[in-house]
Amino acid sequence: MLRIGDIEMKNQVVLAPMAGVCNSAFRLTVKEFGAGLVCAEMVSDKGIVLKNARTMNMLYIDEREKPLSLQIFGGEKKSLVEAAQFVDKNTTADIIDINMGCPVPKITKCDAGAKWLLDPNKIYEMVSAVVDAVEKPVTVKMRIGWDDEHVFAIQNAQAVERAGGKAVSMHGRTRVQMYEGKANWDIIREVKKSINIPLIGNGDVETPQDAERMLQETGVDGVMIGRAALGNPWMIYRTVKYLETGQLMDEPSVREKMDVCVLHMDRLIALKNENVAVREMRKHASWYLKGVKGNATARKGINDCETREDVVKLLYGLVDDIEAKQQNIQMV
């Protein structure tokens, strides 16, 4: 099993910390589908230090999500340490994760996120300062490098280990690649050989079979799933079951997908209020609808929904149409 510090997971499947997605409503939904560890979306260190109201709300944790990793980002040692200390003492997060992988310019311009990948010495300095300041285990999420000419994956991971970090999650793309191209699992394999702390692999895990292949080909201790879980928590469930039993579970029915979509929405409403939640659910509902036959009208219409009732009517209207067509086919 995957173990980070004194935190033991029930399996090797980890939900990635996706910005704008991994709030408590989404994390809890994915957790109920069997994820061994869920990771919160990245939170600004300065937002925590300044007690920004929106930032404080992002620190909310439902105890049913645990074990949980809460991710912070920043480019200055003082504010990063202060934020980590706040998370350590004032939240029930099990793990404090430091973001070194975000490729977005507004983050890297602040010397945060993937900008760290250019300097193993800074990684050591910053991680060791956080480790010394907190009691919870500290981990790092990083990419293999900044670009093809600056791939310091081994040096950076070793710096995390020397600094006292308890695990590394590594996305097999460079910062320049963003989310394009192919993830380099060969480098992830070499990093695994070079460190003694757990390594969690990330990138191009789109099916349960991909997860098994990553474990076998790279030797990583865990598999992190990100975009493949959007609107599809069954990816987590099916991966866990496949790794445990070798059995590939059936895909959900359209009604099952919409049931979970509405559950997700209701949790988001409880977290944020109906107006905000429904607007945020538009992208999630579009993801839940992905792959559903005849979904074009519904995916377009979801952007006009203003209330919970609007969303429910649209989603189950599609379900009823699909089920009616299936029944007619069976009767012929």
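Which residue forms a salt bridge with Glu-190? In this predicted model, the partner of Glu-190 is Lys-193, and the closest N and O atoms of the pair are 3.5 Å apart. Both residues belong to helix H8, which covers residues 185–194. Because Glu-190 and Lys-193 are 3 residues apart in this helix, about one helical turn separates them.

The structure holds 24 salt bridges, and a few others deserve a look. In general, side chains of opposite charge can pair when their charged atoms come close. Glu-251 and Arg-238 meet through their side chains in a salt bridge, with an N to O distance of 3.4 Å. This pair links distant parts of the chain: Arg-238 sits in helix H10 (234–245), Glu-251 lies in the loop between H10 and H11, and 13 residues separate the two. Is Arg-238 buried or exposed? Its relative accessibility is 10%, so Arg-238 counts as buried. Glu-251, with a relative accessibility of 52%, counts as exposed.

Another salt bridge joins Glu-323 to Arg-255, and here the closest N and O atoms are 2.9 Å apart. Again, distant parts of the chain are linked, since Glu-323 is in helix H14 (residues 308–331) and Arg-255 is in helix H11, 68 residues apart. Glu-323 is partly exposed, at a relative accessible area of 32%, and Arg-255 is also partly exposed, at 30%. Salt bridges can also be joined up: Asp-88, Lys-89 and Glu-135 are linked in a network of them.

The buried residues of H11 are Lys-257, Met-258, Val-260, Cys-261, Val-262, His-264, Met-265, Arg-267, Leu-268 and Ile-269. After the helix comes Asn-273, whose phi is positive, near 100 degrees.

Next comes the packing of two helices against each other. Helix H4 (residues 77–90) and helix H6 (residues 120–133) pack at an angle of about 35 degrees, and their axes are 9 Å apart. The crossing of H4 and H6 is right-handed. Which residues of H4 meet H6? On the H4 side they are Lys-77, Leu-80, Val-81, Ala-84 and Gln-85, and on the H6 side their partners are Glu-125, Met-126, Ala-129, Val-130 and Ala-133. Sorted by class, this contact has 7 nonpolar, 1 polar and 2 charged residues.

A last stop is Asn-156, which has its place in helix H7 (residues 153–162). This residue counts as buried because its relative accessibility is 0%. Leaving aside residues up to four places away in sequence, Asn-156 touches Leu-117, Asp-119, Pro-120, Ile-123 and Met-142.

Definitions and conventions: Residues are numbered from 1 along each chain as its sequence is written. This is a predicted model: local features need pLDDT of at least 70, side-chain atom pairs count only at pLDDT 80 or more; totals for chains, interfaces and linings use all residues. Side-chain values use heavy atoms; hydrogens and water are left out. Buried means under 20% relative accessible area, exposed over 50%, partly exposed in between (1.4 Å probe, protein chains only). Helices (H or I, at least four residues) and strands (E, at least two) are DSSP runs, numbered from the N terminus. Axes are lines fitted to C-alpha atoms, for helices over the stretch in contact, and angles run from 0 to 180 degrees between N-to-C directions. A crossing is left-handed if the near helix is turned anticlockwise from the far one by less than a right angle, and right-handed if clockwise. Contact means heavy atoms within 4.5 Å. Ala, Val, Leu, Ile, Met, Phe, Trp, Tyr, Cys and Pro count as nonpolar, Asp, Glu, Lys and Arg as charged, and the others, Gly among them, as polar. A salt bridge is a side-chain nitrogen of Lys or Arg within 4 Å of a carboxyl oxygen of Asp or Glu.
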